[in-house]
Amino acid sequence: MPLLLLDLDNTLLDRAGPFRRWGERFLDGIGAPPSDIDWLLSIDADGLTDRWDLADAIRDRYELRIPSIDLVEELHDGVVAQTRLDPLTACALRIADDAGWVPVVVCNGTVRVEDAKIRRTGLDRYVADWVISEEAGVSKPNPRIFALAAQRVRMPLRGAWVVGDSPEADIGGAAAVGLPSVWLHRGRTWSDVRFAPSRTADGLIAAVATVLAS
């Protein structure tokens, strides 16, 4: 029974869509023009910008008096509230499980936010367990976090696959630990010359099919 090590944001759960929906509602609430969503998405950088830095940028641009900590809470809770589990993703995980694979989430982020996403969406019913970088004390692409995921479910890393959308964290992490990987390209072209994914897919369902056929 091999491991299927899966990223969370924009792999198992769409993050881009919920952030956009939250952003549109937030901007409307403070009276900002709808076109400012492009600025917000740019500053967010697909979730790579630190939440405190993003909060400060929003406060400065709109001269808001709301404390940064409250805006960070709004960012966290607002995106979580907008996040949903795609039924097709649940189906793909069930198929992988039925085929003998053990799905485990390996993600970077805070326990408060990532754990809430997993439990609130019902994703916890479709995976064996999950490891979050804040709790683990180590982040992808460090190989240690993948080893911790294997330990969590008392299984070896040998034979595992890594699936994710981040070239550095997911595919770089897989390369560092010596595991095959599937990169969810999301319309992007691979450009890193240091390592490369074993396979490329346009979404989780195709990625799972690729792994099952391996």
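Q: Is arginine 152 buried, exposed or partly exposed, and what is its relative accessible area?
A: In this predicted model, arginine 152 is partly exposed, with a relative accessible area of 35%.

Q: Which side chain does arginine 152 meet in a salt bridge?
A: The partner is aspartate 129, with an N to O distance of 3.7 Å. Aspartate 129 lies in strand β3 and arginine 152 in helix α8, so the pair ties together parts that are 23 residues apart in sequence.

Q: Is aspartate 129 buried or exposed?
A: Aspartate 129 counts as buried, because its relative accessibility is 19% and the cut-off for buried is under 20%.

Q: How many salt bridges are there?
A: The count comes to 17 salt bridges. Among them is the one between arginine 15 and aspartate 44, at 2.5 Å from N to O. This pair links distant parts of the chain, 29 residues apart: arginine 15 is in the loop between β1 and α1, and aspartate 44 is in helix α2. Both arginine 15 and aspartate 44 are buried.

Q: What about aspartate 77, which residue does it form a salt bridge with?
A: Aspartate 77 pairs with arginine 112, the closest N and O atoms being 2.8 Å apart. Aspartate 77 is in helix α4 and arginine 112 in helix α6. Aspartate 77 is partly exposed at 41%, and arginine 112 is partly exposed at 42%.

Q: Changing topic, where does aspartate 36 lie?
A: Aspartate 36 lies in the loop between α1 and α2. Aspartate 36 is buried, at 9% relative accessible area, and its side chain has a polar contact of 2.6 Å with that of tyrosine 62.

Terms used
Residues are numbered from 1 along each chain as its sequence is written. This is a predicted model: local features need pLDDT of at least 70, side-chain atom pairs count only at pLDDT 80 or more; totals for chains, interfaces and linings use all residues. Side-chain values use heavy atoms; hydrogens and water are left out. Helices (H or I, at least four residues) and strands (E, at least two) are DSSP runs, numbered from the N terminus. Buried means under 20% relative accessible area, exposed over 50%, partly exposed in between (1.4 Å probe, protein chains only). A polar contact is a pair of N or O atoms within 3.5 Å; within protein, one must be able to donate a hydrogen and the other to accept it, and residues adjacent in sequence count only if both atoms are side-chain atoms. A salt bridge is a side-chain nitrogen of Lys or Arg within 4 Å of a carboxyl oxygen of Asp or Glu.
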